[in-house]
Amino acid sequence: MILALRRAGGDISAALSRETLASEAAQGLTKGVPSTLKWFDFEALPPATWRDGSTVENTIIHWWVVQAVALKEPGALSFAAELPSLLSADSAAALGSVVLRQWVQRDLSGTSAIDA
């Protein structure tokens, strides 16, 4: 829905507000981490800052990782792929690097990162 609204030129800022993202993260994480992500080292996720330099709550970054796997729909991930653009460039690069390294390491171990 959010992608459709954005593509139509609508204002999606409320859906991407820090308060909304923090609320969704807190609510989503109450369900715990999916069993397919038990291998992922969430403690290795780097601290992040928003584009204005303020600190991003760890739960938001943690939720983005969980959500990217939970969606199980490549088309839905196009919205998730835009979320790092809310971060400072250094934070987005550090986050992407850590996530990619863990995924590659898991796949190279002979166990699929999403079928664990």
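**Exercise 1. Gln102**

Which residues does Gln102 touch, not counting residues up to four places away in sequence?

*Solution.* The model is a predicted one.
- Step 1: Gln102 touches Trp39, Phe40, Asp41 and Ala44, with residues up to four places away in sequence not counted.
- Step 2: Gln102 sits in helix H5, which covers residues 89–108.
- Step 3: The relative accessibility of Gln102 is 11%. Buried means under 20%, so Gln102 counts as buried.

**Exercise 2. Ala44**

Take Ala44, a contact of Gln102.

*Solution.* 
- Step 1: Ala44 lies in the loop between H2 and H3.
- Step 2: Its relative accessible area is 34%.
- Step 3: Leaving aside neighbours within four places in sequence, Ala44 is in contact with Val98 and Gln102.
- Step 4: Ala44 and Leu95 are 51 residues apart in sequence, yet their C-alpha atoms are 9.5 Å apart in space.

**Exercise 3. Val99**

Is Val99 buried or partly exposed?

*Solution.* 
- Step 1: Val99 belongs to helix H5.
- Step 2: Its relative accessibility is 22%. The buried class needs a value under 20%, so Val99 counts as partly exposed.
- Step 3: Val99 touches Phe40, Leu45 and Val65, not counting residues up to four places away in sequence.
- Step 4: Val99 and Pro46 are 53 residues apart in sequence. From C-alpha to C-alpha, the separation of Val99 and Pro46 is 9.8 Å.

**Exercise 4. Trp50 and Ile60**

Which residues does Trp50 touch, not counting residues up to four places away in sequence?

*Solution.* 
- Step 1: Trp50 is in the loop between helix H2 (18–29) and H3.
- Step 2: Trp50 has a relative accessible area of 4% and is buried.
- Step 3: Its contacts, not counting residues up to four places away in sequence, are Arg18, Leu21, Thr55, Val56, Ile60, Trp64, Leu86, Leu87 and Ser88.
- Step 4: Trp50 and Ala92 are 42 residues apart along the chain, and their C-alpha atoms are separated by 9.2 Å.
- Step 5: Ile60 is found in helix H3. With a relative accessible area of 1%, Ile60 is buried.
- Step 6: Ile60 is in contact with Arg18, Leu21, Ala22, Ala25 and Trp50, leaving aside its neighbours within four places in sequence.
- Step 7: The C-alpha atoms of Ile60 and Ala48 are separated by 9.8 Å, at 12 residues apart along the chain.

**Exercise 5. The second largest pocket**

Which residues line the second largest pocket? Give its volume, and sort the lining by element and class.

*Solution.* 
- Step 1: The volume of the second largest pocket is about 160 Å³.
- Step 2: Its lining consists of Leu29, Phe42, Glu43, Leu45, Pro46, Asn58, Thr59, Ile61 and His62.
- Step 3: Helix H3 (residues 58–70) gives the largest share of this lining, with four residues.
- Step 4: The lining splits into five nonpolar, three polar and one charged residues.

**Exercise 6. Aromatic rings**

How many aromatic pairs does the count give? Name the members of the cluster.

*Solution.* 
- Step 1: Rings pair if their centres lie within 6.5 Å. The count comes to five aromatic pairs.
- Step 2: Trp39, Phe40, Phe42 and Trp103 form one aromatic cluster.
- Step 3: Trp39 and Phe40 are touched by Gln102.

**Exercise 7. The whole chain**

*Solution.* 
- Step 1: The chain has five helices and zero strands. Along the sequence, the pattern reads α-α-α-α-α.
- Step 2: Of its 116 residues, 30% count as buried.
- Step 3: Residues 24 or more positions apart account for 68% of them.
- Step 4: The chain exposes about 7,100 Å². Carbon and sulfur atoms supply 57% of that area.

Note on methods: Residues numbered from 1 in each chain as written. Predicted model: local features only at pLDDT ≥ 70, side-chain atom pairs only at ≥ 80, totals over all residues. Heavy atoms only, no water. 1 Å grid on protein atoms, 1.4 Å probe; cavity = no way out; pocket = protein on both sides within 12 Å on 5 of 7 lines; lining within 4 Å. Points joined across faces, edges and corners; volume = space filled by probe spheres on them. Helix = DSSP H or I, 4+ residues; strand = E, 2+ residues; numbered from the N terminus. Nonpolar A, V, L, I, M, F, W, Y, C, P; charged D, E, K, R; others polar. Buried < 20%, exposed > 50% of the residue type's maximum accessible area, 1.4 Å probe, protein only. Contact = heavy atoms within 4.5 Å. Areas by Shrake-Rupley, 256 points an atom, 1.4 Å probe, with all protein chains shown as cover. Phe/Tyr/Trp six-rings, centres within 6.5 Å; stacked < 30°, edge-to-face > 60°.
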